[in-house]
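Hi,

Here is the structure I promised to pass on. Have a look at it first, then read my notes below.

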Amino acid sequence: MLSIPFGRTRFCDGVSRRNFLKVGALSFGAMNLTLADVFRAEAAAKQHDPFARTRHKAVINIFLGGGPPHQDMWDIKTEAPAEIRGEFKPIGTNVTGIQIGETFPRIAKMADKFAFIRSVVGARGGHDAYQCTTGWPQQSLAAMGGRPSLGSMVTKLQGNVDPSVPPFIGLAERTQHVPWSDAGQTGFLGSTFGPFKPSGPDMVNMTVNAANRDNLPDRKKLLGCFDDMKRAADYAGALKGADAATERAFDVLTSSKLVEALDLSKESPKVRARYGDGKPYKYQYDGAPTANEHLLLARRLVEAGARVVTLSYGRWDSHGQNFDLVRDHGGKLDQCLSALVEDLDARGMLDDVTVVAWGEFGRTPAVNKDAGRDHWPQVSCAILAGGGMRTGQVIGSTDRTGGTAKDRPVGFGDIFATLYHNLGLNSETTTVLDPTGRPQHLAEGKALPELV
């Protein structure tokens, strides 16, 4: 762990030698990675190519927990009866012939950067993220732990880009309905390949704890504190026999790329304003907040070396007040999702980073007595961007009421095969051994030829 409380004893406004020596390891899944290990790996990488710059493929998976209403977002049904059509009107986009819901004007202006899938099928109806993190039904291989999520598979197959940054990071805040905050399960691979969760206990191991943030020393003073504590540790013999990598571990707070990536204060006010903060949080109940800044964090984490970042955005279970909820959640998603894609594009990262936003199922064509839409597993939607894909198009369609896929049904496995393809993994030929020694494919579908 890494615990440096202030205001109690000797060094740095009261850091005791005993507390200082708690610096030890970071936890990624079930694996304890000591800081010395991190720096040894870093040194080895620099020896191999000291001037290399990291450029890697990545996925940002945005889970719209609760089931977003497809016919109020990307598939407006202008010809349906009023009790189905709802309150929203379609608006034109910068791609001729494509219209989307009126609550997404920013995305409409850059629709050429997005692909809208209107015919996602195969949902099992559970209020969970499982199919949106694995691509498989929850019952698949349940007896041996279930299917691993995309992040776990990528961690297993591709490992770290940077030794100090975990390849799989889950930003989902804990929700009262716990399955909505699932960052992605490890399945039969085991907990070693789980996500690093900055909002969970892992982050406690990386942050400086202070009863009052105003008492936290500035960067220069903090560096001085580390020097004092190093001398104290040396004097006590704590570092006797330790190698240079272990000594460098004491500098983690000022050198860790992961800590830097999680510090939004390093972004310009202009960039942060473009994303927005998604506040005030409305219609949250037992679900996730509309935390716009999580999308900015996702970009920063990918830039630092993460391969897969998952997050849960909003609570879309609109059994009542559906249209008010979509105005709130939709407008906020429009702001941060368009900002993310613009940001990736401006930084030259868009061809390498795939962004997907979707939920566990769709909503009923008919509007209920509470102005809501109920669960509808028969068909749902997804929006994708980046990854070198052919964007600026719509894939699939639904019937006049938005109740069934009319043409080009797309399964969860097809979308996951596309995500794996964009990461450089062929889901049809790449396999991972399960606990019985049998090879298991990454996805049950095929990469969408329209996109790749």
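Before the notes, one term: a contact means heavy atoms within 4.5 Å.

Some housekeeping. You are looking at a predicted model, where local features need pLDDT of at least 70 and side-chain atom pairs count only at pLDDT 80 or more, while totals for chains, interfaces and linings use all residues. Residues are numbered from 1 along each chain as its sequence is written, and side-chain values use heavy atoms, with hydrogens and water left out.

The overall picture

The chain has 16 helices and 18 strands. Both are DSSP runs numbered from the N terminus, helices being H or I with at least four residues and strands being E with at least two. Of the 452 residues, 56% are buried; buried means under 20% relative accessible area, exposed means over 50%, and partly exposed is in between (1.4 Å probe, protein chains only). If you take contacts between residues at least 6 apart in sequence, 74% of them join residues at least 24 apart. The accessible surface is about 19100 Å², and carbon and sulfur atoms own 49% of that (Shrake-Rupley method with a 1.4 Å probe; for residues, only the protein chains shown count as cover).

The cores

A nonpolar core is a set of buried Ala, Val, Leu, Ile, Met, Phe, Trp, Tyr and Cys residues joined through side-chain atoms within 4.5 Å. Which members of the largest one touch the most others? Out of its 54 residues, they are Ile62 and Leu337. Helix H15 (residues 322–346) gives this core the most, with 8 residues. Another core lies apart from it, with 38 residues including Val59, Val154, Val356 and Leu419.

Leu419 also turns up in the list of buried residues of H16. That helix (residues 412–422) is mostly covered, with 10 of its 11 residues buried. Just after H16, glycine 424 has a positive phi of about 90 degrees.

Empty space

Rolling a probe the size of a water molecule over the atoms shows where empty space is left.

A cis peptide bond joins lysine 279 and proline 280, with omega about 0 degrees. Proline 280 sits in the loop between helix H13 (269–275) and helix H14 (293–304). Tyrosine 285 lies in the loop between H13 and H14 too, and has a positive phi of about 50 degrees although it is not a glycine. Is tyrosine 285 buried or exposed? It counts as exposed, because its relative accessibility is 55%.

Arginine 408 has a positive phi near 50 degrees and is in the loop between strand S15 (405–407) and strand S16 (410–411). Its relative accessibility is 29%, so arginine 408 counts as partly exposed.

Cheers
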